[in-house]
Amino acid sequence: MIVALIIACEVGFWVLLAAGLALRYLAKKPRLGAAVLLCEPLMELVLLVVTTLDLKNGAAPDWKHGLAALYVGYTVAYGHYTITWLDGHAAHRLAGGPKPAGAGYGRARAAHEWRLWIRTVIAAAVALGLLQTAIWYVGDAGDVSSLKAWQYGALRAVGIHALVAAGYTVWPKRAPAGQVS
């Protein structure tokens, strides 16, 4: 049931995002569109509550609970960023707004990658906190090795993303020939 709910939350995220942006720019109802977009965090709250209830009702902690924690962490850190990014592109494509600035080249791109890395650190911190809370909640009564494995996975993601950001710092992306960076 947890996996189905995670999938439903992910599908729901994109459906609400598309509906909110369509209402804002195609139907010319920006307030209603904003209200729909504000419903996004409710799905993660439902996922968190259901996952907690699943553990409370005696389910053995496993990979599904770890995945739910990482999903919630990711949406906390990257959800607003994703919505803002897509909103800027929708405003450009559907409402004649200015073209959103890209990540850039050189130092600007490296700085952008480090800002994304900070989001990954936030996502991992949220996930680690949720996973540790679940580990304490289950206590010695159950096998929490899969939850600990997800904690290590979150830390590995932070490390890998740091290597990517460092790569853009050491080997900056150059602007195509003829384009000003």
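This is a predicted model: local features need pLDDT of at least 70, side-chain atom pairs count only at pLDDT 80 or more; totals for chains, interfaces and linings use all residues.
Leaving aside neighbours within four places in sequence, which residues is T120 in contact with?

View 1. T120 sits in helix 5, which covers residues 106–138. Set aside the neighbours within four places in sequence, and T120 is in contact with Y78, A157, V158 and H161. Is T120 buried or exposed? T120 is buried, because its relative accessible area is 11% and the cut-off for buried is under 20%.

**View 2. The whole chain, for orientation.** The chain has 6 helices and 0 strands. Read along the sequence, the pattern is α-α-α-α-α-α. The C-alpha atoms fill a box of roughly 65 × 45 × 20 Å, taken along the principal axes. Of the 181 residues in the chain, 34% are buried. Now take the contacts between residues at least 6 apart in sequence: 72% of them join residues at least 24 apart. The chain exposes about 10,900 Å². Carbon and sulfur atoms supply 69% of that area.

**View 3. The largest nonpolar core.** In soluble globular proteins, nonpolar side chains tend to be buried together. Here the largest nonpolar core has 18 residues. I6, C9, F13, L17, L47 and Y71 have the most contacts inside this core. Three helices each supply at least two of the core residues: helix 1 (2–26), helix 3 (40–56) and helix 4 (63–95). Which helix gives the largest share? Helix 1 does, with 8 residues.

**View 4. Y71 and the residues it touches.** Y71 is one of the residues with the most contacts inside the largest core. Leave out residues up to four places away in sequence, and Y71 touches I6, C9, E10, F13, E44 and L47. A second, separate core has 8 residues. Among them are L55, A69, V138 and L147.

**View 5. L16 on helix 1.** L16 is found in helix 1. Which residues does L16 contact, leaving aside neighbours within four places in sequence? They are V36, L37, C39, E40 and M43. L16 and G33 are 17 residues apart in sequence. In space, their C-alpha atoms are 9.2 Å apart.

**View 6. Two cysteines, C9 and C39.** A disulfide is a covalent bond between the sulfur atoms of two cysteines. The count in this model is 0 disulfides. Why does C9 form none? The closest cysteine sulfur to that of C9 is in C39, and it is 13 Å away, so it is too far for a bond. To count as a disulfide, the two sulfur atoms must be within 2.5 Å. Seen from C39, the closest cysteine sulfur is in C9, again 13 Å away and too far for a bond. The surroundings of each cysteine can be compared too. C9 has 3% relative accessibility and so counts as buried. C39 has 32% relative accessibility, so C39 counts as partly exposed.

**View 7. A nonpolar surface patch.** Which residues make this patch? They are L42, L45, V49 and L53. The patch covers about 360 Å². L45 has its place in helix 3. How does L45 count, by its relative accessibility? L45 counts as partly exposed, because its relative accessibility is 47%.

Key. Residues are numbered from 1 along each chain as its sequence is written. Side-chain values use heavy atoms; hydrogens and water are left out. A nonpolar core is a set of buried Ala, Val, Leu, Ile, Met, Phe, Trp, Tyr and Cys residues joined through side-chain atoms within 4.5 Å. Buried means under 20% relative accessible area, exposed over 50%, partly exposed in between (1.4 Å probe, protein chains only). Helices (H or I, at least four residues) and strands (E, at least two) are DSSP runs, numbered from the N terminus. Contact means heavy atoms within 4.5 Å. Patches are made of residues with over 30% relative accessible area and no salt bridge: like charges are joined within 9 Å, nonpolar side chains (Val, Leu, Ile, Met, Phe, Trp, Tyr) within 5 Å. Accessible areas come from the Shrake-Rupley method with a 1.4 Å probe; for residues, only the protein chains shown count as cover. A salt bridge is a side-chain nitrogen of Lys or Arg within 4 Å of a carboxyl oxygen of Asp or Glu.
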